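This briefing covers one protein model, from its overall build down to single residues. Please have the sequence and the structure open while reading.

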Amino acid sequence: MKKIKIQKNVYFDSVSLMLITRDVKTLDGVKDANICMGTDHNKELLDNIGLLTNECKSCSPNDLIIALDGTEEFINNAENVINESLTKKNTKSSKSSKYSSLKRAAEEFEKSNFVVISVPGEFAAAEAEIALKLNKHVMLFSDNVSIDEEVKLKTLAKENQLLMMGPDCGTAIINGKPLGFANKVSSGNIGITGASGTGIQEVSTIIDKLGLGISQAIGTGGRDLSKNVNGIMMELGIEALAGDNDTDVIILISKPPHPDVATKIIEKAKTINKPFVINFLGQSQTATDNLIFCSTLEETAITACRLAAKKEEFDAESVGMPEMLDTEFTSTQKYLRGLYTGGTLCDEAMLLSKGLIPEIYSNTPVKDCYELKDPFISEKNAFVDLGDDTFTRGKPHPMIEPDTRNQRIIQESKDPEVAVILLDFVLGYGAHKDPVGICIPFIQEAQKNNPNLCFIASVTGTGKDPQDLNKQTTMLVENSVILASCNAQAAILAASIIKEIN
């Protein structure tokens with residue numbers, strides 16, 4: 001039984017509708033369902049599951065489509081869930097002041113100097129430009145903004161000495177407030193600016209575990225250190241942290257940057273009278289003057305803490321290599337599969353593993369690794385970034401909705417050549433409320449499929465995060481998952497096991 005319902009000129013954001021769709025799909029009697037806005041992309045998705053009607057085809061992006069397929073009981077229950085969820089969303093929205101434009105809101109809050117923008121990519125650049133012209137700093141969470149638009153926005157920001165974080169800036173901590181995907185960390189004297197969301201999260205949470213804290217964490221968007229963007233925002237971030245009296249040590253983080261841009265940023269850092277700890281993934285340099293270069297995110301955090309605490313040796317007992325559980329592999333088991341929700345964590349794991357194991361494949365390969373022919377099918381030793389656009393098209397990011405990763409765990413467990421599955425779990429604001437808990441049934445099923453399968457995991461988070469770090473880690477240990485203190489140690493251990501058994 002199929003039922004299509006359309007509500008004209010009723011807008012809800014895509015993440016909310018994706019989460020409602022997820023809840024509806026857990027109901028008994030479901031065949032398929034999609035609650036979405038009437039964009040061309042969403043119509044394509046409806047067509048793929050056989051729920052696109054002529055009425056849907058005529059919908060505009062401002063029309064809500066509720067498409068259900070299942071038993072009569074399912075449809076009745078689904079409509080109740082959808083109505084309740086949308087009512088709550090409307091009620092929550094109605095409690096907030098509504099404005100017809102960003103400019104009108106800025107007039108009302110004239111003393112505010114910071115704007116967070118999360119709208120569809122086709123509108124994002126225009127809204128960010130309005131905010132910058134109103135002399136507001138911007139965090140642009142939206143993606144699907146062209147690189148030309150990004151350069152234009154960041155050039156405008158630089159001319160007015162404003163932060164233009166993004167597009168696709170997923171993480172920031174400004175004056176102690178976590179924004180986007182960020183963790184609740186202690187305040188302190190270490191500042192971060194990074195072209196990497198999960199990189200900032202990994203470093204800031206390790207710093208928190210070591211007893212120190214963050215002054216500011218300024219995200220730049222992942223393309224900032226590309227040749228075209230030329231590090232415009234990281235330069236401004238450095239200047240902001242250099243002038244911040246609460247920042248004594250500055251950390252720079254990036255996925256593999258363009259070499260020329262990396263050189264430019266390093267030269268900029270040399271002009272600042274503060275110590276820098278730099279982790280540009282895939283690049284290694286010798287320490288000079290006020291700059292120290294690190295190869296892992298863990299080392300970055302520990303080094304910054306040593307400098308911030310003004311100690312030659314910093315107590316880092318809370319980090320390190322975990323002990324290996326007794327695991328006997330079969331004669332066919334020889335490969336590692338890394339299934340990642342964090343793109344930078346996936347990159348770091350590949351870079352650390354490629355010196356230990358040969359022929360690494362990925363949907364987002366780093367230097368000297370190979371691209372998967374099909375990102376949905378692993379080959380040999382494979383590291384998969386499940387947050388890449390290939391997997392998130394029409395779906396929430398796996399840090400929000402882990403189902404794509406959970407299903408991939410089952411898929412990998414059925415391959416008799418797989419010996420180790422490596423996982424990351426990222427806590428904090430914006431992330432799933434129980435990322436480990438929702439994954440455990442899939443780990444248990446995988447262990448039944450392959451009793452000799454070894455799971456290794458790390459958890460990026462703090463004891464102050466809403467998911468309860470201790471509860472998350474305890475569930476992993478109780479289910480025979482080897483728990484590493486950080487992503488780097490998890491990756492090194494996993495790759496070392498593969499090297500040993502081969």
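Which residue in β12 is the bridge partner of I250? The partner is F276. This is a predicted model, in which local features need pLDDT of at least 70, side-chain atom pairs count only at pLDDT 80 or more, and totals for chains, interfaces and linings use all residues. Residues are numbered from 1 along each chain as its sequence is written, and side-chain values use heavy atoms, with hydrogens and water left out.

**Overall build**

- The protein contains 17 helices and 20 strands; these are DSSP runs numbered from the N terminus, with helices being H or I of at least four residues and strands being E of at least two.
- The radius of gyration is 23 Å, which agrees with the value near 23 Å for a compact globule of 502 residues. It is taken over C-alpha atoms, and the globule rule is 2.2 Å times the number of residues to the power 0.38.
- Along the principal axes, the C-alpha atoms fill a box of roughly 70 × 65 × 40 Å.
- Of the 502 residues, 52% are buried; buried means under 20% relative accessible area, exposed over 50%, and partly exposed in between, with a 1.4 Å probe and protein chains only.
- Contact means heavy atoms within 4.5 Å. Among contacts between residues at least 6 apart in sequence, 71% join residues at least 24 apart.

**Surface and charge**

- The accessible surface comes to about 22,500 Å², and 47% of it belongs to carbon and sulfur atoms. Areas come from the Shrake-Rupley method with a 1.4 Å probe; for residues, only the protein chains shown count as cover.
- There are 51 positive and 68 negative side chains, and the centres of the two sets lie 4 Å apart.
- Lys and Arg count as positive and Asp and Glu as negative, while His and the chain ends are not counted. Each charge is placed at NZ of Lys, CZ of Arg, CG of Asp or CD of Glu.

**Strands and pairing**

- Two strands pair if DSSP finds at least two bridges between them.
- Strand β11 (residues 249–254) and β12 pair in the parallel sense over five bridges.
- In β12 (residues 276–280), five of the five residues are buried, so the strand is largely enclosed by the rest of the structure. F276, I278 and F280 point one way, and V277 and N279 the other way.
- Strand β9 (residues 187–195) has seven of its nine residues buried. Five bridges join β9 to the parallel strand β10 (residues 214–219), and I192 has A217 as its bridge partner in β10.
- An open sheet of seven strands has the order β16-β15-β17-β14-β18-β19-β20, with parallel pairing. Its edges are β16 (370–371) and β20 (482–484), each with a single partner strand, so one side of each is left without a neighbour in the sheet.

**Helices**

- Helix α12 (residues 343–353) has eleven of its eleven residues buried, so it is largely enclosed by the rest of the structure. Its buried residues include the charged-type residues D347 and E348.
- Helix α9 (residues 232–242) is also largely enclosed, because eight of its eleven residues are buried. Among them are I232, E235 and L236.
- K158, in helix α7 (residues 147–159), is in contact with I232, E235 and L236, leaving aside its neighbours within four places in sequence.
- K158 and E235 are 77 residues apart along the chain, and their C-alpha atoms are separated by 9.3 Å.
- K158 is partly exposed, with a relative accessible area of 41%.

**Backbone exceptions**

- Most residues other than glycine have a negative phi, and most peptide bonds are trans.
- The peptide bond from G166 to P167 is cis, with omega near 10°. P167 is in the loop between β6 (164–165) and β7 (171–174).
- N175 has a positive phi of about 50°. This residue is in the loop between β7 and β8 (177–180) and is exposed, at 61% relative accessibility.
- D468 has a phi near 70°. D468 is in the loop between β19 and α16 (469–478) and is partly exposed, at 37% relative accessibility.
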